[in-house]
Each structure stands twice: as structure tokens, then as C-alpha cells.
Amino acid sequence: MEKIKAIEESVSFKHQERIALRNCGIINPEVLEEYIARDGYKALAKVLMDMSPEEVIDTMIKSGLRGRGGGGFPTGLKWSFAAKSQNDQKYVACNADEGDPGAFMDRSVLEGDPHAILEAMAIAGYAIGASQGYVYCRAEYPLAVKRLEIAIEQAKAVGLFGENIFGTDFSFDLEIRLGAGAFVCGEETALIASIEGKRGMPKVRPPFPAVKGIFDKPTVLNNVETFANIPQIILRGADWFAGMGTEKSKGTKVFALAGKINNTGLIEVPMGTTVRQVVYEIGGGIPGGKAYKAAQTGGPSGGCIPASHLDTPVDYDNLISIGSMMGSGGMIVMDEDNCMVDIARFFLDFTEEESCGKCSPCRIGTKRMHQLLDKIVEGRGTLADLDQLETLAKTIKAASLCGLGQTSPNPVLSTLRYFRDEYVAHVTEKKCPAGVCKALVDYKVVAELCKKCALCVKACPVDCISGEKGKTVYEIDGAKCIKCGACITACPFKAIIKE
Amino acid sequence: MNIAQLEKIQKETLEKMNTGIRIAVGMPTCGIAAGAKPVLEAIQEEIEKVGLDNVTVTQVGCVGACRLEPMFDVIKDGGEKVTYVLMTPEKAKEVVKEHIIGGKIVEAYTVGAEEA
């Protein structure tokens with residue numbers, strides 16, 4: 001069989017359908033002409049010449065496009081609310097404050113195809129009657145910001161952006177605002193506050209941004225990936241887009257594959273692709289032939305998908321029904337060596353740190369949940385703690401002000417739902433089944449396997465292994481051992497185990 | 001700008017992109033972090049040294065295969081495409097000599113040598 005030569009022929013491209021990522025890796029993002037070569041700005045020309053704003057919104061509604069930032073709100077509906085709000089000034093904003101650990105699809109689009117975002121935002125501007133846009137991009141993406149700036153300048157220079165686009169009455173300009181590293185600024189009301197120059201904190205909704213957004217003016221706020229789909233929907237039609245995906249989730253979704261998976265990277269698949277196809281076909285399975293344990297979708301706001309749900313078609317509603325969520329599309333794969341209690345603690349550590357502190361359920365609740373998890377992984381937990389954890393999680397979910405707090409208990413709730421036995425092992429047997437939680441693990445030398453070579457002694461940084469080279473089986477002093485794992489790596493005979 | 005002008009640019013650019021050899025080096029943040037910049041520079045240097053005028057060296061965004069960075073595509077007349085992966089400046093120079101100048105694909109460095 002002849003070997004493949006181009007990346008598109010590889011297994012990881014099987015099942016992929018590229019709409020948002022269609023130009024990424026194909027065109028030079030700093031050359032406007034190459035974007036035009038791939039039908040760039042034709043969608044904008046089409047809406048300005050041949051379509052009324054109502055027709056544009058109608059197309060968006062019919063396409064079934066839902067917000068790719070994670071919430072999944074129908075984009076066309078959002079636009080129609082903003083279009084109906086009467087005001088002298090309206091805004092279009094793009095959420096590029098991609099903060100979920102392990103997600104980087106927005107960066108890829110901004111760096112690989114920045115003109116697509118410009119074009120889509122101008123289309124949104126025309127549809128709702130806005131002449132000014134903002135891209136709120138995290139400062140950690142300097143290359144994305146640079147390429148966006150280049151794109152704006154290039155498009156303005158030839159009349160594809162700015163004043164009187166395509167010689168029509170429609171004008172649309174764009175400003176880039178940089179985030180200052182706060183995760184909560186990905187939440188729409190906090191993002192708007194930050195654009196206004198205020199401290200990035202969420203507000204109670206309603207009023208929704210479509211009615212009262214940036215500087216209290218009607219604002220459409222969409223995610224980068226959502227915008228990236230729009231020019232193609234305009235050019236190829238709502239029916240084409242609605243022909244892909246599941247009943248209630250149309251089109252494709254970009255996922256960032258990370259964790260214990262062979263083919264890490266960005267993939268774009270039709271909605272409804274199963275987790276099994278993503279992990280085992282596109283992702284090439286788990287390294288070392290280890291067993292799949294779970295995949296975390298939706299980052300710190302989402303939940304885990306256990307092996308029993310591998311055949312679930314991935315879409316917004318299915319993920320919610322199994323206790324996770326789409327989120328921005330990070331997918332972190334975990335294998336048998338991952339402790340689910342530890343994973344839950346990791347994500348909670350993140351949300352506790354990123355809580356803005358405005359509302360008490362989130363500010364105090366995440367801290368208390370974290371303390372309970374610390375107690376469990378350190379071997380001081382009780383069964384009553386598990387119940388308390390669950391009660392606390394449900395309260396925070398119900399009572400928090402914004403999406404950050406409302407979703408922060410999800411990792412705990414979903415691991416409790418699918419891996420309760422691991423929690424129970426931690427509190428009743430004081431054991432960590434995956435061998436991750438240091439306080440609950442003991443290192444032991446298996447006498448029959450030990451060749452008395454002393455390699456473990458050399459590797460040990462705290463001198464807790466004793467014995468005589470060539471004569472006695474080595475022994476590990478549990479009281480001195482810091483459970484760093486250096487001896488396990490050093491032993492060529494796999495004679496040291498975790499218990 | 002009007003539609004006719006836009007279509008003219010499209011036609012001309014496509015013609016340009018599909019003529020001769022296009023070397024597209026992945027230069028997203030992840031590629032740059034993996035060492036794509038020295039690879040790009042090595043290719044440019046080699047092409048300049050030999051003075052090939054039917055070759056365009058360009059930078060592109062991320063194709064999504066983080067594990068294979070740095071990588072670049074060699075596309076001939078808009079058709080045949082070969083993806084070279086896990087590149088270093090040395091390997092890239094070899095590809096320029098063998099493939100671009102010599103016309104012989106360096107199988108060992110292609111994506112097919114790395115994964116199916």
C-alpha cells in the first residue's frame with residue numbers, strides 16, 4: 001500500500017468537516033488576497049447587495065446555528081432581539097477571551113483566518129443595524145491580535161471594511177480590546193463591563209446584552225467560532241448548514257483534543273459524531289494501549305463522559321443530559337491512571353481561583369468544596385463529606401450569579417455521578433484506586449521481582465530505600481518516602497509498585 | 001471595491017497560488033513554539049541560495065495537528081500536496097534539495113511515515 005503524503009489523507013482527518021477551520025493551514029492569514037481567493041468577502045458583498053437585514057437574520061435562524069462559546073443559544077434569535085431593540089447606536093462584539101484550560105480553537109481561527117471574523121462581524125452589524133464592533137481578545141494571544149490588526153488595516157485600505165463598504169451606505173468599524181487575564185471576562189456581562197473600562201464582573205440578566213449591552217446599547221455578542229461559520233452559511237445557504245448535525249444541533253463543532261490521546265490537536269466534526277469516533281478513530285486511541293476512563297468536555301464548567309457513554313452522539317442537548325456540557329469544545333481524555341477525585345479537585349482549584357468574588361455562593365462555596373475535596377484526597381474524608389459535597393454543589397449551581405459559579409460544581413457532580421466508587425474508596429478504604437493521591441498510596445518493593453541492583457537507591461532523592469547491593473531485597477521506608485515515583489521510573493524490572 | 005474587482009482579485013490570486021511550487025509553513029503560536037520559525041527561515045535561505053523563481057514560500061495558520069509541528073506543505077501547481085512533519089531546519093534544507101530541486105519526495109519525513 002502506498003503511504004499517504006498529505007495531512008488531509010491521514011486517519012485524523014477521517015470524519016472531519018471543516019467550516020470554521022476551512023482556511024486554517026491553507027491561506028496566509030496576513031495576505032488579504034488569499035482570503036479573497038477562497039471566496040472571502042463574497043458573503044458580505046451578497047448581504048449588502050442582495051439581502052435585507054431581515055433576510056440575513058432569517059437565514060441565520062433557519063440555519064440552526066447555535067452559540068459555539070458553550071451556551072448554545074440560537075444565534076439568529078439573538079440577532080433578531082438586537083435588531084428589534086430600537087436605539088441610535090448598537091454594537092457587535094466578538095468574544096475571543098478563550099480561557100478554558102485545554103481549548104484553543106478560537107486562537108487557531110484568529111491566527112489562521114482573521115478576515116473571516118471581520119467579514120462575519122460586518123454581516124452581523126448589517127443585520128442588526130450596528131456600525132461599531134469590538135473584539136475582546138485575551139492578551140495572552142499576541143499573534144492573534146497582531147494578525148487581526150493587520151487584517152483590519154488591509155480590509156480598510158481597499159474598502160472592504162470601515163466607511164461605505166463596497167461603495168454602499170453601510171459602514172462598520174472595529175476596535176480590539178485586550179483582556180487582562182480574568183477567566184470570568186469570558187462571561188458576557190463581565191466581558192461587556194471590561195470593554196466599558198470597568199472591573200470585569202458579571203451583572204444580573206435580564207436585561208440581556210441584546211437589549212442593554214455595551215454602554216447600555218443593544219449588543220450582539222458571539223464567540224469566534226460562531227462568527228467563523230457565518231460567511232459560509234450566507235454563501236452556501238441555511239439548508240446546507242442545517243443538513244449537517246443532529247436535530248437540534250446543526251453544523252459542526254471544533255474540539256481541542258488533549259490529555260491521554262495519541263492524536264492531540266484541533267478537529268472539526270459534524271455535530272452528532274460519537275465520543276468513540278473522536279477518541280478512537282480521529283484521536284487514534286489512548287497511548288500505551290491503556291483503558292479509556294473518561295473525557296472531560298466543557299473544561300472547568302463541564303463534566304466527564306464515562307466509558308458507558310462512549311457511543312453518545314455529541315451535541316448540546318445530549319451532553320447536558322449526561323451531566324456535561326459542550327463548553328467551548330475542549331476535550332480532555334483521561335485513562336486508568338487518572339484519579340477522578342483528583343481531576344474534580346483540579347478543575348475546582350481553577351474555578352475557585354477565577355471566581356470574581358461578587359456573589360457568595362461562588363466565592364465561598366467553591367472554597368468550601370475545595371476544602372472538602374482536599375480532606376478526601378488526604379485521607380481524612382468521611383461518607384458524610386460526600387453528601388455534604390453534593391448538597392453544596394447543588395446549592396452553588398442554583399444560587400450563583402453567573403455561568404462561572406453555576407457551572408463550577410459540574411466536575412464534582414459528574415464525577416460523583418459516574419465514579420462514586422472512587423470517592424468511596426478514598427473515604428472508607430483510604431485508598432486511591434488510580435494511585436494518584438499521594439497520602440493514600442504506599443510504595444512497595446516486590447521481593448520476587450527485585451534484582452538487588454540498587455538503581456532505585458540512586459534515584460531516590462530522600463534516601464528512604466535501604467538494602468545491600470547484590471545481597472538483600474530493597475525496602476522503602478514509608479515514613480520518609482515522598483512518593484515522587486523516581487524509583488518506579490528507575491527500576492528496569494518493574495519491581496516497585498504503588499498500593 | 002466592487003464585486004467585479006473582488007472577483008478579479010480572486011481569479012488572479014488563485015492563478016498565482018496554483019502556479020509553480022507553494023511551500024506553506026505552519027506558523028501558528030503552537031507551530032512557532034515547536035520551532036517553525038527557524039524552519040521557515042531555513043527554507044527561505046535555501047530557495048534564495050539556488051535562486052528558484054517558480055517557488056513561493058509562505059506562512060499559514062494551524063491545520064490542527066499539534067503533535068506533528070513544525071510542519072509544512074509542498075503544493076505543486078495547486079494539485080499534488082505533500083505534508084512534511086516534525087521538521088527541523090536541517091531536515092527542511094534536505095527537503096528543498098531533494099524534493100523542490102531534485103523532484104524526489106523525501107518519504108521518510110512525510111506525514112505518512114509518522115502516522116497512517
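Glu12(B) is partly exposed, with a relative accessible area of 45%, while its salt-bridge partner Lys8(B) counts as exposed at 53%. These values come from a predicted model. Over all chains, the salt bridges number 37. Selected pairs are set out below by topic.

**Within a helix of chain B**
- The closest N and O atoms of Glu12(B) and Lys8(B) are 3.4 Å apart, and the two residues form a salt bridge.
- Both residues belong to helix 1 (residues 3-17) of chain B, where a spacing of four residues separates them by about one helical turn.

**A network in chain A**
- Asp387(A), Glu390(A), Lys394(A) and Arg420(A) are joined into one network by salt bridges that share partners.

**Between chains**
- A salt bridge with an N to O distance of 3.9 Å links the side chains of Glu107(B) and Lys5(A).
- This pair joins two chains, because Glu107(B) lies in the loop between helix 4 (89-101) and helix 5 (111-114) of chain B, and Lys5(A) in the segment before helix 1 (32-37) of chain A.
- Glu107(B) is partly exposed, at a relative accessible area of 38%, whereas Lys5(A) is buried at 12%.

**Across sequence in chain A**
- The side chains of Glu188(A) and Arg205(A) meet in a salt bridge at 2.6 Å, N to O.
- Glu188(A) is located in helix 8 (residues 188-195) and Arg205(A) in the loop between helix 8 and strand 4 (219-223), so the pair ties together parts of chain A that are 17 residues apart in sequence.
- Glu188(A) counts as buried, with 15% relative accessibility, but Arg205(A) is partly exposed at 37%.

Notes: Residues are numbered from 1 along each chain as its sequence is written. Chains are lettered from A and ligands numbered from 1 in the order in which they are written. This is a predicted model: local features need pLDDT of at least 70, side-chain atom pairs count only at pLDDT 80 or more; totals for chains, interfaces and linings use all residues. Side-chain values use heavy atoms; hydrogens and water are left out. A salt bridge is a side-chain nitrogen of Lys or Arg within 4 Å of a carboxyl oxygen of Asp or Glu. Buried means under 20% relative accessible area, exposed over 50%, partly exposed in between (1.4 Å probe, protein chains only).
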